[in-house]
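Subject: Handover of a structure and its findings

Dear colleague,

Please find the sequence and the structure below.

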Amino acid sequence: MGNAKLIIAALVVLIAAAVFYMIGQPPQEKETADSGALKVGFVYLTNPGDHGWTYAHEVGRQQLQDHFGDKIETSYVENVPEGPDAARVIRDLVAQGNKIIFTTSFGYMDPTLQVAGEYPDVYFDHITGYKRAANMATGNIRFYEGRYVQGVVAGLTTKSNQIGYLGAFPIPEVIQGINSFARGLRSVNPDASIKVVWVNSWYDPVKEADAAKVLIAEGADVLAQHTDSPAMLQTAEKAGVKGFGQSSDMHEFAPNAQLFSSVNNWGPYYIDQVQKVLDGSWTTGEGPDHWAGNTWKGIGDDFLVLTEFKNMPADVAAKAAAARDGIANGSLNIFEGPMQDNEGNEVLKAGQVMDDGGLWAMNYYVAGVEGKIPN
Amino acid sequence: MYEELLLTILLTSVPLILAATGELVAERSGVLNLGVEGMMLMGAVAAFGAASLSGNVYLGILGGGISGMLVAGIFGFFVLGLATNQVATGLALTIFGTGLSGLIGAPLVGKAIDGLPALVIPGLSELPLVGVLFQLDLLAYLSVLIVAVTSWFLMRTRGGLILRSVGINHDSAHALGYPVLWVRLGAVLFGGFMAGLAGAYLPLVLTPHWAEQMTAGRGWIALALVVFASWRPWRVVIGAVLFGGVTIMQLAGQAKGWTIPSQFLSMMPYIATIIVLVAISGRGRIQFGAPAHLGKSFHATR
Amino acid sequence: MIILHPRKHIPLQLTLLVPVVSVVITLFLGALIFAFLGYHPMAALYEFFVAPLSRPDQLGNLLVKACPLIIIGTGLVFCYRANIWNIGAEGQLVLGALGAGWVALSFPEATTPFLLVAMAVAAMLAGALWAAIPALLKVRFSTNEILVSLMLTYVAALLIDWLVRGPWRDPKSFGFPLTRPYPDGGVIDPILIPGIGRLGQLHWGVLIAFIVAVIGWFFLSRMLGGFQVKLMGDAPRAGRFAGFSPGRVTLGVFLISGALSGLAGMIEVSANIGQLQPNVSFGYGFTAIIVAFLARLNPLAVIVAGLVVALAELGGDAAQISLKIPKVVTGIFKGILLFMLLAGETLTRYQLIWVGPGSGDQPDSPAGKQ
């Protein structure tokens with residue numbers, strides 16, 4: 001019995017070997033033959049199929065590839081956890097010959113910094129962080145600008161004067177967005193206020209839907225989100241209330257509910273940075289000031305694109321467009337005094353405009369937001 | 001407002017009820033399948049795919065169940081046919097199911113469907129508060145029916161007796177002439193079908209789109225629920241609604257301005273499960289409900 | 001109908017051949033899948049299993065990746081040998097990271113390497129304490145340790161999330177969920193090879209992994225304590241006759257396994273991250289369960305199994321970068337690999353006997369159980 005099994009096993013090995021031989025010629029030498037194309041690497045937090053954060057980066061990568069055509073060769077690694085694996089993957093990308101590497105999530109900041117120190121002749125672009133080096137820059141989008149316009153539309157749309165807002169985690173980027181939304185909301189509707197619910201996840205469709213239902217039950221008739229899935233909008237669609245999309249156009253998921261969506265448009269940034277590498281003019285940033293050293297652009301530079309204003313009357317759409325254009329041309333300052341936090345303390349005096357440092361130090365809600373920031 | 005919250009709680013608990021009931025039957029027969037998460041994902045992707053391609057949500061339900069059952073069949077083959085370790089095989093099944101569902105689902109990303117419609121029962125649904133019990137959808141009503149049938153089968157029929165005896169002591173059951181492995185295979189397949197239905201509920205009802213790993217750990221909660229329910233089907237319903245209630249109240253509490261860190265509220269279901277475990281398995285008493293041969297491999301010898 | 005018949009003694013050639021055959025079958029199935037999806041099968045397999053070994057820095061990374069798997073896997077071997085099912089190593093790892101982090105953050109100026117020792121002790125204590133919960137509940141109330149240890153994993157994940165976003169958050173992190181960086185004394189240094197420098201992410205903690213596995217093997221195979229553990233698992237009644245206390249063994253193996261998981265957590269953070277963040281483990285505690293089984297519950301084999309599993313992880317990333325094979329495909333491949341290795345394990349220990357229909361269910365000897 002034992003011998004028979006051994007023979008069978010040996011046969012299996014033989015057959016497998018034969019099949020391997022037939023289906024596979026030895027692996028081709030990898031195309032290290034320098035075609036002269038600049039290699040560009042991307043590190044993604046999730047699969048581009050999230051239709052949210054990573055999807056927007058993937059769209060940007062494709063724009064980049066289309067823009068330069070044969071001159072560059074892009075590749076990406078998906079589902080990279082924000083830990084030691086990140087540094088390894090980034091090194092891998094360097095070893096594969098990538099000359100500029102975009103790491104597209106906050107948690108890659110320290111790993112990127114570490115690898116940047118080891119490879120001074122490779123350029124690194126970290127998205128949404130605050131640490132930089134001679135060969136490591138930071139790119140970010142002024143997401144909060146779009147939220148001001150959302151606030152304007154919400155204030156003119158709501159009948160219950162109750163807005164629901166889904167937050168992922170109470171970090172500055174999200175707080176900025178909530179406060180900016182509140183500024184827009186209060187600019188057109190001093191009676192409306194925002195209830196915030198933290199989902200404690202960037203991506204959990206079922207929980208996002210649950211939170212949306214809870215907010216609707218609490219009387220909200222316009223919903224905004226700083227989480228990644230279309231679940232909130234689908235819930236809004238079903239319940240007959242309105243809402244805003246996140247990261248990408250979510251019109252298809254909620255044709256009657258989506259007022260508009262703030263789309264993260266990374267393409268221009270990627271094209272810019274890669275162009276600089278091709279030109280040899282790549283730098284970390286312009287000024288000595290900590291916040292001036294990064295690229296942080298918004299609606300005015302097409303980093304943030306607002307989709308078509310839909311499901312709202314023409315006059316609301318006109319006011320939204322005016323706010324959008326005001327932000328784009330700099331005539332509208334979102335955080336300009338007088339501004340108070342939601343406990344009545346003065347944050348900005350009349351005429352005073354908040355600088356970028358102030359934006360990143362936000363640990364309070366402005367007037368119009370209910371409750372307190374957890375922790 | 002309370003009715004809306006209650007309805008949300010009920011809908012959130014439906015997939016937990018479905019998956020936990022299936023796992024309960026498998027565990028009653030002595031098989032611990034830690035692959036619930038993987039089976040749910042396979043159910044979810046197949047359900048969404050079937051519904052989106054055919055335009056028929058009911059085909060989606062069927063597709064979800066069958067797909068869950070098929071991957072459960074793989075698990076059954078290894079665990080029962082080859083007596084591999086149940087814990088390790090279950091974990092492997094979750095890895096496999098997560099990967100396969102992502103691959104199958106890749107072309108489905110970004111598509112939307114019309115979800116399963118609510119079947120509002122006229123008259124009854126108008127009642128205050130309890131009316132929400134009659135505003136659910138087909139799968140939700142079905143889940144209660146399945147629990148009832150499962151409970152009846154396990155406790156009142158000869159088949160159920162055999163299934164339980166296989167779980168309590170497979171050696172004695174074998175000595176009595178019961179086909180231990182076939183009984184267990186049936187239970188595992190049923191568990192897979194139910195996990196598939198549970199997964200199907202996500203893209204068909206809760207959030208009508210497909211996204212990778214959209215179950216976000218609910219399969220593991222279903223495993224906890226089985227214990228929480230001390231292997232009694234009706235208690236699964238109570239447990240699932242409690243779990244759903246804690247989840248929703250945590251969100252509603254924030255909207256109402258509570259300031260307890262949400263992490264602590266999120267811990268509640270897990271800590272509650274441990275407390276229940278201790279409560280039901282006091283020292284010296286027989287563990288009521290817990291199948292004594294849970295997780296142990298069986299092989300007949302000649 | 002197939003019947004499994006336990007082998008009285010396992011021939012050596014089978015022990016060696018079966019893992020090889022199961023790997024070959026996996027390769028074959030993998031090649032089919034890759035070919036079916038339009039990837040070059042040989043190139044894909046090359047990326048998975050050869051490419052990660054073809055560069056010295058990747059060898060370093062391989063060891064780093066295997067390090068927590070080996071340490072945790074060794075601890076789990078003790079549990080599983082005693083028929084105690086600890087599947088909460090992931091949570092025990094997190095607690096270890098918290099214990100070590102608490103020490104490191106309490107001495108922000110420390111440069112002495114003794115800090116690392118203190119951190120390791122704190123980590124092992126914290127991991128062991130977390131593991132003591134399911135152990136004591138099992139001994140005292142005979143609760144199911146599989147479920148208690150699994151539940152505690154989720155509690156641990158939420159605990160670190162709360163600490164890092166709340167009380168322990170670095171005031172200078174702009175509200176991002178990170179603690180202060182560990183002081184110099186609390187960081188495990190990379191191994192510098194003379195003439196080459198760093199070898200990927202290779203750090204001194206890797207040595208601990210090998211030492212742990214060897215000590216584990218020695219304890220299990222050569223010492224009375226190890227004998228007790230094995231006796232508990234194989235023949236609990238005989239153990240009781242011999243006067244061993246099952247409760248003490250249960251507690252003992254849980255404490256060992258919890259302490260080792262905690263140690264793995266400390267090394268992982270101190271060597272690779274340097275501060276606490278909401279997520280410090282990426283499924284190592286669960287993957288190590290599979291490693292323990294692949295190693296057939298032998299600590300020395302845990303080293304090999306840990307390396308094989310780590311290789312598949314590295315290979316998955318390599319295949320993504322060079323061949324653009326999506327991560328989900330590598331997940332499927334890993335799942336198949338595990339199925340095959342588990343099946344191979346059965347084929348080593350049992351003979352498969354075909355019996356005609358009808359005769360299969362007739363017991364003619366008392367049924368055995370694993």
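In chain A, 6 strands form an open sheet with parallel pairing, in the order β2-β1-β3-β4-β5-β11. Strands here are DSSP runs of E with at least two residues, helices are runs of H or I with at least four residues, and both are numbered from the N terminus. Two strands pair if DSSP finds at least two bridges between them. The edges of this sheet are β2 (72-77) and β11 (295-297) of chain A, each of which pairs on one side only. From one strand to the next, the twist averages 20°; angles run from 0 to 180 degrees between N-to-C directions, and axes are lines fitted to C-alpha atoms, for helices over the stretch in contact.

Before going further, please note that this is a predicted model, in which local features need pLDDT of at least 70 and side-chain atom pairs count only at pLDDT 80 or more, while totals for chains, interfaces and linings use all residues. Residues are numbered from 1 along each chain as its sequence is written, and chains are lettered from A and ligands numbered from 1 in the order in which they are written.

Strand β3 (residues 100-103) of chain A runs parallel to strand β4 (residues 123-127) of chain A and is joined to it by 4 bridges. Across this pair, Thr103(A) stands opposite His126(A), and Ile100(A) stands opposite Tyr123(A). Strand β1 (residues 38-43) of chain A also pairs with β3(A) in the parallel sense, over 4 bridges; here Phe42(A) has Phe102(A) as its bridge partner.

Are the residues on the two faces of β3(A) buried or exposed? Ile100(A) and Phe102(A) on one side, and Ile101(A) and Thr103(A) on the other, are all buried. A residue is buried if 20 or more other C-beta atoms lie within 10 Å of its own, exposed if 12 or fewer, and partly exposed in between, with C-beta atoms placed from the backbone. In a regular strand the side chains alternate between the two faces of the sheet.

Chain A has 11 helices and 14 strands. Another open sheet has 6 strands in the order β7-β6-β8-β9-β10-β12 (chain A), with mixed pairing. Its edge strands are β7 and β12 (304-306) of chain A. Within this sheet, strand β6 (residues 162-167) and strand β8 (residues 222-226) of chain A run parallel and are joined by 5 bridges. Leu166(A) has Gln225(A) in β8(A) as its bridge partner. Helix α7(A) lies across β6, β7 and β8 of chain A and runs at about 160° to β6(A).

**Where chains A and B meet**

The contact takes 31 residues from chain A and 30 residues from chain B; two residues are in contact if their C-beta atoms, placed from the backbone, lie within 7 Å. On the side of chain A, the largest share, 10 residues, comes from α7(A). By class, that side has 14 nonpolar, 8 polar and 9 charged residues. Ala, Val, Leu, Ile, Met, Phe, Trp, Tyr, Cys and Pro count as nonpolar, Asp, Glu, Lys and Arg as charged, and the others, Gly among them, as polar.

**Chain B**

Chain B has 11 helices and 1 strand. Its radius of gyration is 19 Å, close to the 19 Å that the globule rule gives for 302 residues, so chain B is as compact as a globular protein of that length. The radius is taken over C-alpha atoms, and the rule is 2.2 Å times the number of residues to the power 0.38. Of the 302 residues of chain B, 62% count as buried.

Helix α5 (residues 138-156) and helix α10 (residues 233-255) of chain B pack at an angle of about 145°, with their axes 8 Å apart. Val147(B) and Leu154(B) of α5(B) are among the residues that make this contact, as are Trp234(B) and Val236(B) of α10(B). The residues of this contact divide into 6 nonpolar, 2 polar and no charged.

**The nonpolar core**

The largest nonpolar core has 345 residues, and those with the most contacts inside it are Ala20(B), Tyr201(B), Leu225(B), Ile289(C) and Ala292(C). Such a core is a set of buried Ala, Val, Leu, Ile, Met, Phe, Trp, Tyr and Cys residues joined through C-beta atoms within 7 Å. Helix α8 (residues 180-206) of chain B gives the most to this core, with 19 residues. Not counting residues up to four places away in sequence, Ala20(B) touches residues including Leu225(B) and Val236(B).

With kind regards
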